[in-house]
Amino acid sequence: MRYGMAVDTKKCVGCSDCVVACQTENNVPIGYCREWVVEVMDGTYPQLEIEIRSERCNHCDNAPCVRCCPTGASHVEAGGIVMVKPNKCIGCGACIASCPYDARYPHPDGYVDKCTFCLHRIKNGMKPACAAVCPTKCIYFGDLDDPGSEVSVVLKKRKSKTLIPEAGTKPQLYFLI
Amino acid sequence: MREEIIVSGRMNPMVDPQLHIWHWQIPLYLFLGGLAAGILFFAALYYINGKEREYPAAVKLAPFLTPFLLILGLLALFIDLRHKAFFWQLYANIRLQSPMSWGAWTLMVITPASFIWCALHIREFFPKWDWKYDWLKAVEGFFNKYKKALAWVLLIYAVILGIYTGILLSAFNARPLWNTSILGPLFLASGLSAGAASILIISRSPAERKLFAKIDLILIGIELFLIIHMFMGFLASTQVQIDAARLFLGGPYTMSFWIFVVIIGMILPAVLEIMELKNYHVPAIVPALLVLFGSVMLRFIIVYAGQASRWLY
């Protein structure tokens, strides 16, 4: 079982509902966010191309944040989800410095926090908050090892990319292009 | 033209607009640890070579700085932690893939070892020192018997202490400026150089000062070689590393790096030490202090600039 997510960049409008839903669902402290929306504008007017992406922690297969953690607070749970155990975290910040996607942040309570793919929701058969709330339904989530899951189906149908694959992290957040 | 920006307004403290998760505590520890490593390395080296009478400052006196340097360094690291109540987890886990874990355990060995080394030489400062309790006298007897083994432990762990901080930074491939295997040897050379400089300041023997001036000169040469090759490596590497190198070649850290670290911290003391070796009268303390200054600045600039280097946006 390997959880993964695919975001359809052709359907994302940059409304940031996902960002707010995540903050609400996970009690993210004010001023912090676990997700964000990136807009790419390419070309010279009037030949312009735009790509909009809803980004978050990529739950990498070769996560540098897990590798560099001195206590093992940063670990991988079943399904490949990268999590932080707050009572093992010493707040050294190494994982924050090691993430090329800047996906982590220091929680005001001291430990390090980030997107959890809403593990507490997916354990109960629900989708992550961002996927559940997206008005254009552009966020697909599921088991990449199950060829029938919505994320596997859409990745087979469409061309996709990941962010900075050359960083060697093997991210599991795909962008349909 | 290509513009890639975050439009949902991410401004995570200490991460945006630019990563700044490590502040003064970290480069301060890197300097104190490197300096302690340098002093302990020379102390152990010259003891093993049987030169403790010719080089007393190196083997017996300078090490008395190291317990203070290491404790202050550990305090700085502790202050930096954001989840302090759980600091003990560092010592309840060993993670072989995490250089920070190696560092925690290395300090766990070398800090008591440095205390023991000082305890064995306490009579340099208090000639009539008496341990009073029999068990303490037994401990002193034990370590005196195995002093050479202790010196080997100090030697090896001093090298690890001096090099692991550079390896730790270089393991962060997310920060292209740090992601070079030259950083470990550079930090080790800088730590050894700072150690040699401290011995130069403390020493009262002209022969010892001459030796350590020569050692420092060689180490400065090695550091300059490593710095040049580090930049050659960046400029011959991928775009992110070329951009990282630009921080020092026209970017915001250019002046501070080349002036404070290279000119004031390496070239100027090297020139002064050459003049000293050619028997011009130069007070030994001047180049030594410049070397220490350069060592501090190297660490501050590399830690701060590294956080400015990135892959995305």
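The radius of gyration is taken over C-alpha atoms, and the globule rule used with it is 2.2 Å times the number of residues to the power 0.38. Keep that rule at hand for the two chains on screen.

This is a predicted model, in which local features need pLDDT of at least 70 and side-chain atom pairs count only at pLDDT 80 or more, while totals for chains, interfaces and linings use all residues. Residues are numbered from 1 along each chain as its sequence is written, and chains are lettered from A and ligands numbered from 1 in the order in which they are written.

**Stop 1: chain B as a whole**

Select chain B. For its 313 residues, the rule puts a compact globule near 20 Å; the radius of gyration of chain B is 21 Å, which agrees. The C-alpha atoms fill a box of roughly 75 × 55 × 25 Å along the principal axes.

Switch to a cartoon view. Chain B has eleven helices and one strand. Helices here are DSSP runs of H or I with at least four residues, strands are runs of E with at least two, and both are numbered from the N terminus. Along the sequence, the pattern of chain B is β-α-α-α-α-α-α-α-α-α-α-α.

How much of chain B is buried? The share is 47% of its 313 residues. A residue is buried if 20 or more other C-beta atoms lie within 10 Å of its own, exposed if 12 or fewer, and partly exposed in between, with C-beta atoms placed from the backbone.

Now think about contacts. Two residues are in contact if their C-beta atoms, placed from the backbone, lie within 7 Å. Take the contacts in chain B between residues at least 6 apart in sequence: 74% of them join residues at least 24 apart.

**Stop 2: two helices of chain B**

Select residues 254-277 of chain B, which are helix 10, and residues 285-308, which are helix 11. Two packed helices are described by the angle between their axes and the distance between the axes. Here the angle is about 155° and the axes are 8 Å apart. The axes are lines fitted to C-alpha atoms, for helices over the stretch in contact, and angles run from 0 to 180 degrees between N-to-C directions.

Are helix 10 and helix 11 of chain B roughly parallel or roughly antiparallel? They are roughly antiparallel. Angles under 35 degrees count as roughly parallel, over 145 as roughly antiparallel, 65 to 115 as roughly perpendicular and the rest as oblique.

Color the residues that meet. On helix 10 of chain B they include B:F257, B:F260 and B:I264; on helix 11 of chain B they include B:L290, B:F293 and B:M297. By class, this contact has 16 nonpolar, four polar and one charged residues. Ala, Val, Leu, Ile, Met, Phe, Trp, Tyr, Cys and Pro count as nonpolar, Asp, Glu, Lys and Arg as charged, and the others, Gly among them, as polar.

**Stop 3: chain A as a whole**

Select chain A. It has six helices and ten strands. For 177 residues, a compact globule would have a radius of gyration near 16 Å; chain A has 16 Å, which agrees. Its C-alpha atoms fill a box of roughly 50 × 40 × 35 Å along the principal axes. Buried residues make up 46% of the chain.

**Stop 4: where the chains meet**

Show both chains. In all, 39 residues of chain B are in contact with 43 residues of chain A. On the chain B side, strand 1 (2-6) and helix 4 (99-120) each supply at least two residues. The largest share, five residues, comes from strand 1 of chain B. The chain B side divides into 22 nonpolar, ten polar and seven charged residues.

Zoom in on A:Y105, in strand 6 (residues 105-106) of chain A. It is buried, with 24 other C-beta atoms within 10 Å. Not counting residues up to four places away in sequence, A:Y105 touches residues of both chains, among them A:Y32, A:I96, B:N12 and B:V15.

**Stop 5**

Most residues other than glycine have a negative phi, and most peptide bonds are trans. Look for exceptions.

- Select B:M14. Its phi is positive, about 70°, although it is not a glycine. B:M14 sits in the loop between strand 1 and helix 1 of chain B. With 16 C-beta neighbours inside 10 Å, B:M14 counts as partly exposed.
- Select B:D16 and B:P17. The peptide bond between them is cis, with omega near -5°. B:P17 is in the loop between strand 1 and helix 1 (25-48) of chain B.
- Select A:Y45 and A:P46. Their peptide bond is cis, with omega near 0°. A:P46 is in the loop between strand 2 (36-44) and strand 3 (47-55) of chain A.
- Select A:H59. Its phi is near 45°, positive in a residue other than glycine. A:H59 counts as buried, with 27 C-beta neighbours inside 10 Å.
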